Each structure stands twice: as C-alpha cells, then as structure tokens.
Amino acid sequence: MEWFGENPPTAVVTGGASGIGRAVCELLSKEGYRVAVADRDKAGAEEVAHHIDGHAFEVDVADEASVVALFEGALAVFGGTLDALATPAGIADTTPFMDLTVDTFRRVNDVNVIGTFLCIREAAKHMRSGGRICTVASVAGKRGGGLSGTAAYAASKGAVLALSRSAARALAPQGIAVNCVAPGATITPMLDKAFNDPEHKKRVEAMSLLGRSGEPREIAEAIAWLLSPRSSFVAGETLTVDGGLMLD
Ligand SMILES: NC(=O)c1ccc[n+]([C@@H]2O[C@H](COP(=O)([O-])OP(=O)(O)OC[C@H]3O[C@@H](n4cnc5c(N)ncnc54)[C@H](O)[C@@H]3O)[C@@H](O)[C@H]2O)c1
C-alpha cells in the first residue's frame with residue numbers, strides 16, 4: 001500500500017513488545033510500513049520484530065540518552081526518513097491515593113509523560129512535512145481514574161492529553177500532525193492484575209455502552225488511521241476509543 005510516496009512508509013512504535021503497541025506494529029506492518037519495534041523488553045521487541053519482519057530496539061523511554069539513541073538507530077536502519085510515530089509505551093499504577101509515594105508518582109510520570117515528550121521531540125527532529133504522530137493517553141486522564149488506575153496514572157494521562165495538544169501546536173508549522181488516542185479498558189497484560197477480580201472487570205465493562213472491554217487491535221485501528229493520510233484534516237485531536245464509556 002502506497003501511503004507517503006515511492007518508498008514504503010516508516011514508523012517507530014514504542015511499547016511495541018506487548019498489548020496495544022504490539023497490535024499497532026502488526027497492523028502497520030500489514031499496511032506496508034517498515035516498523036521499528038521499540039520497548040524496554042528487548043526479547044519481546046525482538047519476537048514481535050521477527051514476526052512482522054521489522055527492526056527491534058531496546059529503549060527506556062524515560063531515559064533521554066536511550067530515546068535519542070533509539071531514533072538515531074531507527075533512522076539509520078530506515079535510511080534517513082521517518083513518517084510515523086506511535087507512543088503506546090506506558091506503565092499503570094493502582095496505589096490508593098493516600099498510600100501513593102512521591103517516588104511512585106515520579107516513576108509513572110517519568111515513563112508516561114516524559115517518555116512521550118522525549119519520543120515526540122526526537123521524532124520531530126527527523127520528520128519531514130507530512131509526518132504524523134499518535135500518542136496514547138487513557139480515559140483515566142479525562143475521568144481522573146476511577147476504573148483500574150489511580151492518581152499517579154490519571155495525572156500522567158491527563159498530562160499526555162495536554163502534551164499532545166501542545167505538541168500539535170508546536171509542530172504544525174513543520175507540517176507534522178500530532179493526535180492522541182484515549183483507550184478505555186483494553187484486554188492486555190497491563191490489565192491482567194486488575195481484571196483478575198471478576199467483580200471489578202464486570203463493573204468496569206458495564207460502564208461502557210458496548211458492555212465489554214476492547215481488544216488491542218481495536219485501539220490499533222484508531223492509531224493507524226491517525227497515522228495515515230486518511231486522517232489528513234485531523235490535528236491536535238483526541239480520539240476516545242472506549243466502547244462508549246465516556247458518554248456517562
Ligand atoms: N490496557 C488498557 O486498558 C489501557 C487503557 C487505557 C490506556 N492504556 C495505555 O495504552 C498503552 C499501552 O498499554 P498496554 O495495555 O498495551 O500495556 P502493556 O503492559 O501490554 O504494554 C506496555 C508496553 O510498554 C513497555 N514499556 C513500559 N515502560 C517502558 C519504558 N520505560 N520504556 C520502553 N517501553 C516501556 C512494556 O515493556 C510493554 O511492552 C499505555 O500507555 C497504557 O497506559 C491502556
């Protein structure tokens with residue numbers, strides 16, 4: 001499939017070893033992209049890269065030098081062009097509010113917020129006009145948690161919503177579009193622990209119009225659309241993909 005020109009488009013996907021990130025790697029690969037699968041889980045990234053004939057990169061998105069090295073490495077492999085970036089890498093936290101330590105709050109925000117910021121900044125250094133970026137927030141960032149995540153997680157995802165809009169403003173003059181997907185409950189390893197409690201799972205799923213959790217592929221579809229020129233008039237937007245949960 002020809003998206004951007006004569007050569008196959010290129011994409012960096014963080015968190016590509018698991019869950020939503022893995023589904024994004026698989027879908028982009030199917031659509032003809034050359035994909036850099038980036039994750040702190042090196043073996044997981046290698047497994048996905050092998051499966052889709054992509055390229056694996058070990059990265060800690062919270063570490064500036066590591067993110068700089070990721071984009072230099074990916075650009076070297078891609079021959080100097082980067083068309084798309086998706087940033088699903090993230091961590092959750094369910095510590096009750098009054099037990100939350102500053103260390104935990106910082107770690108969650110280092111990965112989810114600083115990590116997203118660093119990836120956008122480094123990607124934008126290498127993108128030409130027409131480049132597209134999709135970040136990953138959460139309905140927790142809109143609701144203040146209340147599903148499975150608590151304060152540190154909700155605050156970090158609220159920050160991703162604002163960061164994405166800010167980046168959209170900053171990068172529009174370069175012709176780079178930044179949008180965001182805010183998933184609702186999605187069946188991935190991140191939710192395993194919380195959803196081990198059947199009552200909790202039932203309560204969360206009953207909150208959405210569709211009465212169920214999402215599949216990683218359903219989130220990936222939205223991300224792939226926002227990364228493609230099919231969404232060419234969408235800029236600075238947050239697409240909530242939650243089976244109708246945010247309606248209430
Ligand atoms: N699953 C859900 O219900 C849900 C809902 C809303 C938002 N989200 C968001 O979607 C994104 C993907 O989550 P998922 O459910 O696929 O989780 P997941 O745990 O299956 O995948 C997350 C991936 O990110 C990687 N990662 C974590 N910290 C990293 C770091 N510092 N550097 C590089 N990679 C790192 C992990 O190794 C893992 O492969 C996250 O940002 C999450 O907050 C998930």
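How many nonpolar, polar and charged residues does the shell around the ligand have, by class? Some notes on that and on the fold follow.

1. Ground rules. This is a predicted model, in which local features need pLDDT of at least 70 and side-chain atom pairs count only at pLDDT 80 or more, while totals for chains, interfaces and linings use all residues. Residue numbers start from 1 along each chain, following the sequence as written.

2. The ligand shell. By class there are 16 nonpolar, 11 polar and 4 charged residues. The classes go like this: Ala, Val, Leu, Ile, Met, Phe, Trp, Tyr, Cys and Pro are nonpolar, Asp, Glu, Lys and Arg are charged, and the others, Gly among them, are polar. There are 31 residues around the ligand, and G15, G19, G90, T188 and M190 come nearest. Helices (H or I, at least four residues) and strands (E, at least two) are DSSP runs, numbered from the N terminus.

3. The sheet. It is an open sheet of 7 strands in the order β3-β2-β1-β4-β5-β6-β7, with parallel pairing. At the edges stand β3 (55-58) and β7 (238-241), each with a single partner strand, so one side of each has no neighbour in the sheet. Neighbouring strands are turned by 20° against each other on average, direction ignored. For that angle, axes are lines fitted to C-alpha atoms (for helices over the stretch in contact), and angles run from 0 to 180 degrees between N-to-C directions. Strands count as paired if DSSP finds at least two bridges between them.

4. Strand β1. 5 of the 5 residues of β1 (residues 10-14) are buried, so the strand is largely enclosed by the rest of the structure. Buried means 20 or more other C-beta atoms within 10 Å of a residue's own, exposed means 12 or fewer, and partly exposed is in between, with C-beta atoms placed from the backbone. T10, V12 and T14 point one way, A11 and V13 the other. On one pairing, β1 joins strand β2 (residues 34-39) in the parallel sense over 5 bridges, and T10 has R34 as its bridge partner. The chain gets from β1 to β2 through α1, in a right-handed β-α-β crossover. Right-handed means that, with the strands pointing away from the viewer, the path from the first strand over the helix to the second runs clockwise. There are also 3 bridges from β1 to the parallel strand β4 (residues 82-87), where A86 is the bridge partner of V13.

5. Strand β2. This one is mostly covered too, with 6 of its 6 residues buried. R34, A36 and A38 point one way, while V35, V37 and D39 point the other way. Its parallel link to β3 has 4 bridges, and V37 is partnered there by A56. Between β2 and β3 the chain passes through helix α2 (residues 42-52), again as a right-handed β-α-β crossover.

6. Strand β6 (residues 177-183) pairs with β7 in the parallel sense over 4 bridges, and C180 has T238 as bridge partner. W225 lies in helix α9 (residues 216-227). Is W225 buried, exposed or partly exposed? W225 is partly exposed, because 16 other C-beta atoms lie within 10 Å.

Definitions and conventions
Near = placed C-beta within 6 Å.
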